[in-house]
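Hello,

Here is the structure I promised to pass on to you. Please open it alongside this message, and I will walk you through what turned up.

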Amino acid sequence: MSRADGPTLAELQRRFFELVTGPEGVARELAARGVPAGALAAIIAGDARASAVDRLDVYANMYFFRILDVLRSDYPKLLAVVGDDAFHNLATDYLQAHPSRHPSLRFVGAALPTFVATHALARERPWLGALAALEWARVDVFDRADAAPLTREALAIVAPEDFATLPLAPVPASALVPAAWTIEETWRSIEDERGPQAPAPAEAGHALLIWRRGVTVHHRAVAAAERRALELLLGRTTFGALCTALGDEVDSEEDAAARAVQLLGGWLADELLAAPA
Amino acid sequence: MIEVPALGHGIGLRTEHYADVLATNPPVDWFEVISDNFMVPGGNPRRVLRAVRERWPVVLHGVALSLGAVDPLNERYLDALAALAHEIEPAIVSDHLCWGSHGGAYAHDLLPLPFTEEALANTAARVLRVQDRLKRQILVENVSSYVAFTQSTMPEWEFLTALAARTDCGLLLDVNNVFVSAHNHGFDARAFIDALPVGRVGQFHLAGHSQVGELLLDTHDHPVRDEVWDLYRHAVARFGAVPTLIEWDDKMPSLARVVEESQRAKAVAAEARSAAREAPRVAR
């Protein structure tokens, strides 16, 4: 307990961090950086029981496996499709490209959907990014802000003349994810333990609505027409604006209003609409 | 010095037990929650925390203040912690003597510090900033470590004691971590405990560990080992009735099993205090 020399704290932490977050363990990381193992022993005390490299490897392993566990938990369906070994390698590649930038592990997997979409794994299964995007949206709405849902009772007391300007807003725990594949079918096949079924290419405009009702996360597929209405809703709108937008798709104002009422009924039943604050 | 709340014996609130905790009102005195898991806007975690807080005292224990890092203190994280503390009114707020980020990237681990004057000054400045922002004392916990740095100029207990003196923070004595680090680095676990100042230790942690090769790892996946119970007796004899937590995070048993471990801690502490009262007083 006498040495005060050695690297600065900043330098020590830089070297330590680089070694424990490398993709293949401390010894290979040292070799890749051209650092002789003896140089490590000058900084870290090893002994007969465990060398400096062995000791640092404890941290390297914990770093990787802790994050791997979180990714496995956030992406169980992606894991089911690619299997343990490929998922392990995917996580290794992902962490090299996207080291965690948030103090909470909650966000460590945020970039995996875009990453896996361009990963070698997606060559045979170009829909992996869509599956991961669905899984991440489910993680993301799980702990978004709470909001009381708009109820039919609250709507019943709105005066007819006020309906056009009635503001419509979604609950904060909701998201709309475009999907070029019927990825909800793949998700369902794994959930039902039927084995992963590959999705089919989806019709234009196909999307998934993900939202939380109470504390439970739900998702469902939406076709192009409802998708356009949901895009309006998620940007916050009014009942009148919704009718106007729907007017482009139907023959008459009456049809547009009827269609808007129908959508509104579904969203109310889903508890997708937030009560006014 | 710090005021030690008379909390008794608590357990960690873990996802696997949420439903059981709310349904069965287990006989524990308080819950510790990992602050980071509840720094979210809403949903089930916040619902459970609110319900638990209505029935029990809650202690906030964080893992990402990164008190020993050279990276700038993450003020957004600190703001989120302050907001959570404001809402929950925890009996204690704590984090670790460690660092976990570099260059804006996070290891999500409790990485060890060299025990140098430079690291002490850096950590003390950050603890002061955190306490200033939270407007309260925090407790700083000793971590399990697997490496020691050749440039350290003081033992860990001296570092912790100096940190507490400079910042007026309290200490969270993790008895299992002392045992694990003592084994891994070859120091005397009792000497560590005997060197910490009475009046600074505001909470104990107890947990299980594993042996991997020649090293002990702080895995929180076993019952508390007998040797750690012995060390806990020693700590209670020195520091008295300090709130004690059972940590269990992996290979999670039933809620009832964790509660049983907490009740054992309560019995061991009572026995140790009684033995200490009968023993001749030692100089502190």
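Predicted model: local features only at pLDDT ≥ 70, side-chain atom pairs only at ≥ 80, totals over all residues.

Let me begin with helix α8 of chain A, residues 128-142. Of the 15 residues in α8(A), 13 are buried, so the helix is largely enclosed by the rest of the structure. Buried here means that 20 or more other C-beta atoms lie within 10 Å of the residue's own.

Now for chain A as a whole. Its secondary structure consists of 13 helices and 6 strands. For 277 residues the globule rule gives 19 Å, but the radius of gyration of chain A is 26 Å, well over that value, so the chain is more spread out than a compact globule. Buried residues account for 36% of the 277 residues in chain A. Among contacts in chain A with a separation of 6 or more, 61% are between residues 24 or more positions apart.

Chain A is also divided into two domains: domain 1 covers 1-70 and domain 2 covers 145-270. Taken over C-alpha atoms, the centres of these domains of chain A are separated by 51 Å.

Next, the place where the chains meet. Here 46 residues of chain A are in contact with 42 residues of chain B. On the chain A side, α1 (9-20), β1 (44-45) and α4 (52-74) each supply at least two of the residues that touch chain B. That side of chain A has 26 nonpolar, 8 polar and 12 charged residues.

Which strand of chain B is joined to β1(A)? It is β8, residues 148-149 of chain B; 2 bridges join the two strands, which run antiparallel. Within this pairing, Ile44(A) stands opposite Phe149(B) in β8(B).

Finally, a residue to look up in chain B. Asn44(B) lies in helix α2 of chain B, residues 44-55. It has 18 C-beta neighbours inside 10 Å, so Asn44(B) counts as partly exposed. Arg76(B) is 32 residues away from Asn44(B) along the chain, and their C-alpha atoms are separated by 23 Å.

Enjoy exploring, and write back with any questions.

Best wishes

Key:
Residues numbered from 1 in each chain as written. Chains lettered and ligands numbered in written order. Contact = placed C-beta atoms within 7 Å. Helix = DSSP H or I, 4+ residues; strand = E, 2+ residues; numbered from the N terminus. Nonpolar A, V, L, I, M, F, W, Y, C, P; charged D, E, K, R; others polar. Pairing = 2+ DSSP bridges. Domains from an automatic or database assignment. Expected span 1.5 Å × (residues − 1). Buried ≥ 20, exposed ≤ 12 C-beta atoms within 10 Å, placed from the backbone. Rg over C-alpha atoms; globule rule 2.2 N^0.38 Å.
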